[in-house]
Amino acid sequence: MLQNTEPNFRKLSNSQVALHPNPKGIIQFIGSFIFGSFPAWAYKYLHQYLFAQGYSLILYRFPLNPIQFNHWEVSFGLLKEQYFLKTEIIKTLREENQPDDVINTYSNPANYLWLGHSLGCKYIILLEISSNEPTRRMQILQECLDKKDADEAIKQIASIESVQQISKGVIGQLLPTTESVNQFFIKDQSSILLAPEISNTVRILRSGWRISNSLANPNQKQTECLIRSSKELFNLTGVISFNLDSIAEDDVAFMVEQIKHKHFQPYLYKELEGWHFQPLSIYIEHLGQSIVHFFDELKSR
């Protein structure tokens, strides 16, 4: 049964945060287009379940902009927000005189997890791709993107690295006994993709007819190239789909095929009953159980 534990969200930096008193992990969530702009309300029951299971929650708000097709820009903005937010969380915990073991949980990058739904999954995937070793990352970007887009992505990544270093310096001052961890963006952070929608293509009623958004950057062909080329990554990724989902059906099949051959086996994939927007439902117990199980399995890896 779902516990009556309501997460108490507060605004830190530009995100909504519910800090569990004894977290088993910190789930960073980004939802679908439109609904991800109001995540605390739209995904209320899913977040309530996960908080009751012992997870802290960070809700990144999807930018409410119907003509925002530059998904690199949004994704890199999320990563900068992660670094700003981590600093704010540790400052807050220090001010509240929280125990050192709790503060150390929030300072360790490996305790941060990612959960995405629909188009929100694409942003997590782009962050994963950015976690390639720098030389390999540049090579992949140049292989899969137009020169202009590759140059812009490389420029944006350089600006993120400076934010990362500033965040590490501030945290080092707040926690002088904590060992500094060198991390390539979200590498070694587990992620679960709920009905991932990465191609911006919607199938009409499970037919051959599709509506496609050709303005997205990166587009479907580029995104698939980036994922295929990042052979060393996506080892800590699980995928959950829904049997009546005609929106993300093709993208789910693509992502499952990519994680089938990764280092850790068996690969983590599960199909549940429901449609594309099932994570917004009040009936989320089976979904919540699957998410917790996947995160437990990924943690052991």
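**Backbone, burial and cavity in a predicted model**

Asparagine 97 is found in the loop that joins α3 (71–95) to α4 (100–107). The structure described here is a predicted model. Although asparagine 97 is not a glycine, its phi is positive, at about 55°. The residue has a relative accessibility of 67% and therefore counts as exposed, since the cut-off for this class is over 50%.

A second residue of this kind is alanine 195, which is not a glycine and yet has a positive phi of about 45°. Alanine 195 lies in the loop between β6 and β7 (201–203). Its relative accessibility is 0%, so alanine 195 counts as buried. A positive phi, near 105°, also occurs at glycine 54, which follows helix α2.

Helix α2 covers residues 44–52, and seven of its nine residues are buried, so the helix is largely enclosed by the rest of the structure. The buried residues of α2 are Leu46, His47, Gln48, Tyr49, Leu50, Phe51 and Ala52.

When neighbours within four places in sequence are left aside, the contacts of serine 191 are Trp114, Ile124, Leu236, Thr237, Gly238 and Leu298. Strand β6 is also one of the elements against which the buried residues of helix α9 pack. The others are α5 (119–130), α8 (220–229), β9 (237–242) and β10 (268–272). Within α9, which spans residues 249–259, the buried residues are Asp251, Val252, Phe254, Met255, Val256, Gln258 and Ile259. In general, an α-helix has 3.6 residues a turn, so residues three or four places apart point the same way.

A search of the whole structure finds one cavity of 30 Å³ or more, and the volume of the largest cavity is about 30 Å³. By residue type, the lining divides into four nonpolar, two polar and two charged residues.

For the protein as a whole, the secondary structure comes to 10 helices and 10 strands. Of its 301 residues, 53% count as buried. The protein exposes about 14100 Å², and carbon and sulfur atoms supply 53% of that area.

The average pLDDT of the protein is 86, and 88% of the residues score at least 70. Confidence is highest in strand β6 (residues 191–194), at a mean of 98, and lowest in strand β8 (residues 210–212), at a mean of 49. Over residues 207–211 the pLDDT is below 50, and this stretch has 11 contacts in the model beyond near neighbours in sequence. Where pLDDT is low, the predicted coordinates should not be read in detail.

Note on methods: Residues are numbered from 1 along each chain as its sequence is written. This is a predicted model: local features need pLDDT of at least 70, side-chain atom pairs count only at pLDDT 80 or more; totals for chains, interfaces and linings use all residues. Side-chain values use heavy atoms; hydrogens and water are left out. On a 1 Å grid over the protein atoms alone, a cavity is a set of points where a 1.4 Å probe fits but cannot get out, and a pocket is an open set with protein on both sides within 12 Å along at least five of seven lines; lining residues have an atom within 4 Å of a point. Grid points are joined across faces, edges and corners, and a volume is the space filled by probe spheres set on the points. Ala, Val, Leu, Ile, Met, Phe, Trp, Tyr, Cys and Pro count as nonpolar, Asp, Glu, Lys and Arg as charged, and the others, Gly among them, as polar. Buried means under 20% relative accessible area, exposed over 50%, partly exposed in between (1.4 Å probe, protein chains only). Helices (H or I, at least four residues) and strands (E, at least two) are DSSP runs, numbered from the N terminus. pLDDT is the predictor's confidence in each residue, from 0 to 100. Contact means heavy atoms within 4.5 Å. Accessible areas come from the Shrake-Rupley method with a 1.4 Å probe; for residues, only the protein chains shown count as cover.
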